Amino acid sequence: MSDEGKSGFTRRDLVRGAFVGAVAASVAGKGEGAAAPPALGPGPVPLELAINGQIHRLSVEPRVTLADALREGLGLTGTKVACGRGACGACTVMVDGQTVCSCLTLAVEARGKKITTIEGLAGDGHLSPIQEAFVKADALQCGFCTSGMILSCKALLFCTPKPSRTEIADAVSGNLCRCGTYPHVFEAVEIAAGLRTAQAQSPVLAPAFVVGASRWKSDGRVDQAVAEATEEA
Amino acid sequence: MPKETLRLGFAGKFESKQVEIAPNDPVPWSPEANFSLVGKRTPRLDGKAKATGEACYSIDVRLPGMLYGKILRSPHAAAVLRAIDLSAAKKLPGVRAAIAIAKPGEKLRFAGQEVAAVAADSPERALDALAAILVSYEPAPFVVRLEEAKKETAPLVFEGKVETRTSAGDAPGRRKPLPRKGNVQGPRASEKGSIEEGFRRADVIVEGTYETQVQTHTALETHGMVAKWEGDELTVWASTQGIFSVREELAEALSLPQSKVRVITEYMGGGFGAKFGARVEGVTAAKLAKEANAPVKLFLDRKEEHLASGNRPSSVQWIKAGATRDGKLTALHLVVHGTGGTNGGTGTSGPLKNIYACENVKTEEYDVFTNAGPSAAFRAPGHPQGSFALEATMDELAKKLGMDPLELRLKNDPSEVRREEFRIGAERIGWKDRESRRKTENPAVRRGVGLGAAVWYNTGGTGPRATVRIHRDGSAEVEHGLQDLGTGARTMVGIVAAEELSIPLEKVSVAIGDTRMPYGPASGGSTTTPSSAPAVRAAAYQAKKKVAEAVAKAWGVPAEEVEFSGGAFAVRGDPSRKLSWTDACAKLPEEEVSATADRAENHADAWKRFTAGAQFAEVEVDTETGLVRVKRVVAVHDCGIVLNALAAESQVQGGVIQGVSYALYENRVLDAATGRMVNPNVEQYKIVGAKDVPEIETVLLPVWDGVNNTHSVGIGEPVTVPTAGAIANAVSHAVGARIRRLPITPEVVFAAVEEARTKGGAA
């Protein structure tokens, strides 16, 4: 941790008790450089955050994570917390164009940075193409991983407009989905990238609608000859 | 009751059956019906809300003045609580309530058991308060390993009677009291025919022991609630699979009439079986809110979720099987010991008793108590573990008989549907040339193909009711108190109503997730769709009849003469009198018509069967690293008829993926020295991720069973039953020796590779 101790307390102190173990994997803010920031806390401090193009003012203890500030402080609950240790990606948001785990980022660290959450993707009531594609491909079941998943995919498409399956899987490899939406997530990204259209092929075999003695082949089609013969009979 | 002649069956094998239909219930759909929505790929109604973050899950609820609750848990695998002092915690800034959950003198039986709880004005301050609670524990001897716990000298988890705080759905199948000796409870026994006779008649006999691990549910939204009191009325926003079972449990725990408790679950982040009851944390949230006189949000964190919110028990299954030379099963004997920590529910006999035909079957199931968090129902309780052991046994038999494993299944499978599924799956996976595919370009990597079967039982039942309201503009509202775990249940409700009314889905608004609505079923046992869909359809049908009555009145003809088809009302035999749906609704004499209908009884005389599934897996095994990659899974399943092909496909993929995860990665690890879980997180408790997902081919075989008016069957559970078994058999095929343990870690693979090397021969 390059910035530990600079402000008279360590990052470890800040999160102690809240998210033990989170520190080791914490994403160090890139902008923190030459000048040591002033000491903050332990009481609440005023904070301005630029989220989805809007400035939000709030007062938080320095130990409060960005995820909690968004969710509990500002009511931006589209960002989810599922592990609290940066292992599941549900809390993914973009900070200055990079995806980060907001459960490992302190709210005060995000000061002066441009934050994008899931709430910031749709404009004027219109879904962004990746959101649209997630709905179309049913790339969401319970939906709890969806916000983070979509932001990871959005970041991927920004850098790699025509990704391969491997690149998509790499991009969401930090986003855990317990329902198992991955195959549909891959499809959604391909739809958003213009690599495919929503799948029209149904997993439902056709013989459902076949009555009588028609024979049926396992490719889902009725054996026409037999079907016709049956009809004649 | 009127009898209707229905064409029932599947895949061209249809037969005519006379089925009794309850009065005022619609006749089951005909296979020749021209559906506009049923069976099509329909994106879910709440997709937009979920993709934009607007969907408000229970954990997202924020109320004015809301406090944050946290629970203090015992760090000891076993201890007696001596004293507890909340006074220092209560004095901390922002702390508004502190309560003891355990009492002095109480025995705490696992690391993670609830001791006390606090509510404060921020989550961080609540954690500060937990640190200020003084507790004195007297540690006691404990046991966390099944083999140790079975010994006569083992520390007893329960000295007296079994005292586990259980919640709805926690110990499926636990009905009558069982004998207990030490930590071992059971057996739950069943016997059919005579296994002695069966083994006497057998030409070949195999036996083996198969072990499975403890799996935790790990739903992404943890367990918890937001609780708010208004006078003596309690409202909770719960993350639950059963709003009504939560209501019942809260009312009982807090001595309230059920009418004073309201449970809301608008959106919910997964359950998988562990979220039926109010549970300790729910009751605690309500108590804290009462004490603080303010709403309280109390949700578990990931660690607590692993320790105390339920799990799929482990199993050690010994199976002996006999068959005649031509491959007919003559006897099956299962003895299983499993541990669900401080809870039972460890039976695995379902697949063995219900998949392959055998006249002589004996099963003995034992629960072994250990000092670990209690089990809970988990997606097809007992079945993935039972299927793994059974299918391995079938492969062992096939090998000894010198018979193709698929042929052995086909010979013994009494289910016509599953035999068809086996044939479809075998063709798609390329079963015939599986031997020639075993070698890959890399001599260290071997390929294997395996299969497994699924059985499930439920076709839903009575209880659910739904209300459909039709407005003058032709739009409709459905109210039905069920919850959508992520399965697409909300959309299913909309599809059924829209199909019955012949209106576009966009004109239907669906309200679910509130105990103030007509009763909806708990989402368990794969019964949601077959219980709910018929009630919704019946309500829509009855509401539509009321529109028809209004039309008949306007036309001055008897109501029976008005027909509805192709989206329009008409007088029978008079093509000149026709009215579109919208025009008809515009003529409604009142603001709206509505009907509330009950789910009718299952049709006893319909085409009944156990729900069947078959899966085939193809794997690549690196014999140098021990790593297994599942390359392909073909999943062929019966789910009655499909209401939403897109959501059904999602369910199948999800079930298969969870099965892959169970087969290869997941394992709750307890430290024998401290009794604590060493991986209560999601980086060391390994769950399948995007990079490990196989190519999945989903095939849904429609079965028109006529059991309810929509022919619907749930698919959530059966789709995860056979996956682990199919994968294990594929790995066995690849390495040439039997896989007898889950998860199939490199250690397990190396042991099998070594066995194959020393003994020789293919599995």
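**View 1. Nine salt bridges turn up across the interface of chain A and chain B.** Here a salt bridge is a side-chain nitrogen of Lys or Arg within 4 Å of a carboxyl oxygen of Asp or Glu. In one salt bridge, Lys297(B) pairs up with Glu72(A), at 3.1 Å from N to O. This is a predicted model, where local features need pLDDT of at least 70, side-chain atom pairs count only at pLDDT 80 or more, and totals for chains, interfaces and linings use all residues. Residues are numbered from 1 along each chain as its sequence is written, chains are lettered from A in the order in which they are written, and side-chain values use heavy atoms, leaving out hydrogens and water.

**View 2. The interface brings 69 residues of chain A into contact with 78 of chain B.** Contact means heavy atoms within 4.5 Å. Together, chain A and chain B bury about 5800 Å², with 57% of it on carbon and sulfur atoms; that is the accessible area (1.4 Å probe) that two parts lose on being put together, summed over both.

**View 3. What about the cysteines? Searching the whole structure gives zero disulfides over all chains.** A disulfide would need a pair of cysteine sulfur atoms within 2.5 Å. For Cys83(A), the nearest cysteine sulfur belongs to Cys88(A), 3.8 Å away. Cys83(A) is buried, with a relative accessible area of 10%; buried means under 20% relative accessible area (1.4 Å probe, protein chains only).

**View 4. Cys142(A) is in no disulfide either.** Its nearest cysteine sulfur is that of Cys179(A), 3.8 Å away. Cys142(A) is buried too, at 4% relative accessibility.

Technical notes: Buried means under 20% relative accessible area, exposed over 50%, partly exposed in between (1.4 Å probe, protein chains only).
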